[in-house]
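Trainee: Could you take me slowly through one part of this model, starting from a single residue and then widening the view to the sheet and what lies around it?

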Amino acid sequence: MTDVQRRQFLVRSIALALFAGARAEAQPRTYRIATLAMTSAAATAQRGKIFTERLEELGYREGTNLVIERRYAEARLERLPELAAEIVALKPDVIFVGAGPAAVAVAKATSTIPIVFVTVSDPVGIGIVKSLRRPGTNVTGISTLSADLHGKRLQLLKEVVPTASKVAVLHSPGETSQATLAILNEASKTLGVVLRPIEAKSEQDLATVFKTLAGERPDVLYVLEGSLSYLHRARIAELANSARLPTVYGLVEFVEAGGLMSYSFSLTEHLRAAATCIDKILKGANPADLPVERATRFELVLNMKTAKAQGVKFPPPILLRADRVIE
C-alpha cells in the first residue's frame with residue numbers, strides 16, 4: 001500500500017467512525033421501567049393511565065423511547081418474592097411499585113436498581129429507607145403516612161354518627177403498618193372511641209368479617225386502604241351498605257363503587273409525583289438523595305345515594321367541606 005493509499009484509507013476510516021458516532025448519538029435511548037402492582041391489571045388501569053400520561057409529558061412515550069414491563073400480584077402476598085425476582089432479572093432502569101409489601105419484596109431482591117414507591121405508609125418503619133429526608137438506599141417515593149389523615153377520618157365518622165363509641169377497623173394483615181395502627185389508636189383516645197381491628201386475608205374472609213360485625217354491632221366502620229380491600233371494594237361497599245353500617249374509606253374509588261364516604265390523599269397527585277421522581281432518576285439523580293415526599297392534599301368525597309339508602313344525613317359542615325358529591 002502506497003503512502004497515498006494509506007492516507008486515503010485512514011481518512012475513510014475516520015469518516016466512517018465519525019458517521020457511526022453521529023448516528024449513534026442521533027439514535028434516542030430506550031428506557032425500561034418495571035412495575036409491580038399489588039392488585040390486578042383491570043384494577044390498576046386508570047392509575048396506570050395517569051402514570052403513563054405524566055411520563056409522556058416528561059418526554060417518555062411507551063413504544064417509542066420507553067418500555068414498561070408490568071407484573072400483578074392479584075392481592076396474593078405470597079407471589080411477591082417470585083414477581084420481584086422476575087422483575088429484577090429484567091434489569092430495568094427503574095422499578096415502580098405500589099404499597100408497602102411490594103416495595104419490601106423488591107427492595108430485598110435488589111440493592112442497586114433504583115426503586116420508586118407510591119402509597120407506602122411508613123417506609124422507614126418497614127425498613128426500605130433510612131429517613132424520609134435522606135433515604136440512603138436505592139429506594140425513594142411518596143409516603144401516605146399522616147396523623148392528620150387517619151385522625152380526620154375518625155373525626156368524620158363521629159360527625160356523621162355523633163353517638164358512635166365503637167369503631168370497627170377493617171384491614172389486611174401484612175399490609176397495614178404498625179405506625180398506622182398506632183396513629184389510629186392515638187386518634188381514638190382523643191375522640192373518645194374504642195377501636196375494634198378486624199382482619200381480612202382473602203376475598204372469602206369478607207363475608208365472615210361482616211357476620212362477625214353483625215354480632216358485635218359496632219357503630220361505624222373504618223376501611224383501611226390495601227390491595228385486598230381495593231380489589232374487592234365493590235363487595236365491601238355492598239356488605240357495609242347491606243348492614244347499614246356508616247363507613248369511611250381510604251380511597252375515593254370505594255365511594256365510586258358505592259361506599260358512603262372517603263377522605264384520602266390525592267392518588268392522581270401521588271402518581272404524577274412518582275413519574276416526576278422517575279424522570280429525575282433517569283436523568284442521573286441518586287434515589288438515596290431524593291427525599292421521600294409526603295401527602296399534602298386531601299379530598300373528601302360523599303355518596304348521597306348511599307347515604308339516603310342507609311338513612312344517613314350528612315351534617316351541613318361536612319357537605320360544605322366536600323370536594324365532590326356523588327348523587
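Mentor: We can begin with Ser-264, which lies in strand S10, a strand made of residues 261-265. Bear in mind throughout that this is a predicted model. With a relative accessible area of 1%, Ser-264 is buried, because that value falls under 20%. Apart from its neighbours within four places in sequence, Ser-264 is in contact with Leu-149, Arg-153, Gly-250, Leu-251, Val-252, Arg-297, Phe-298 and Glu-299.

Now let us turn to an open sheet of six strands, whose order is S2-S1-S3-S4-S5-S11 and whose pairing is parallel. At its edges stand strand S2 (66-72) and strand S11 (293-294); each has a single partner strand, so one side of each is left without a neighbour in the sheet. Within the sheet, strand S1 (residues 31-37) pairs with strand S3 (residues 94-98) in the parallel sense, over four bridges. Another helix, H11 (residues 267-282), lies across S1, S3, strand S4 (115-120), strand S5 (139-143) and S11, and it runs at about 170 degrees to S4.

Not counting residues up to four places away in sequence, Thr-30 touches Thr-64, Asn-65, Leu-66, Val-67 and Asp-93. Take Val-67 as an example of how the fold brings parts of the chain together: Thr-30 and Val-67 are 37 residues apart along the chain, yet their C-alpha atoms are separated by 7.1 Å.

Finally, we can look at the space inside the model, where there is one cavity of 30 Å³ or more. This largest cavity holds about 40 Å³ of space, and its lining is made up of Leu-170, His-171, Ser-172, Ala-200, Leu-206, Leu-224, Leu-228, Ser-229 and Ile-236. The elements that give two or more residues to this lining are strand S6 (166-171) and helix H8 (227-231). By residue type, the lining of the largest cavity divides into six nonpolar residues, three polar and no charged.

Conventions: Residues are numbered from 1 along each chain as its sequence is written. This is a predicted model: local features need pLDDT of at least 70, side-chain atom pairs count only at pLDDT 80 or more; totals for chains, interfaces and linings use all residues. Side-chain values use heavy atoms; hydrogens and water are left out. Buried means under 20% relative accessible area, exposed over 50%, partly exposed in between (1.4 Å probe, protein chains only). Contact means heavy atoms within 4.5 Å. Two strands pair if DSSP finds at least two bridges between them. Axes are lines fitted to C-alpha atoms, for helices over the stretch in contact, and angles run from 0 to 180 degrees between N-to-C directions. On a 1 Å grid over the protein atoms alone, a cavity is a set of points where a 1.4 Å probe fits but cannot get out, and a pocket is an open set with protein on both sides within 12 Å along at least five of seven lines; lining residues have an atom within 4 Å of a point. Grid points are joined across faces, edges and corners, and a volume is the space filled by probe spheres set on the points. Ala, Val, Leu, Ile, Met, Phe, Trp, Tyr, Cys and Pro count as nonpolar, Asp, Glu, Lys and Arg as charged, and the others, Gly among them, as polar.
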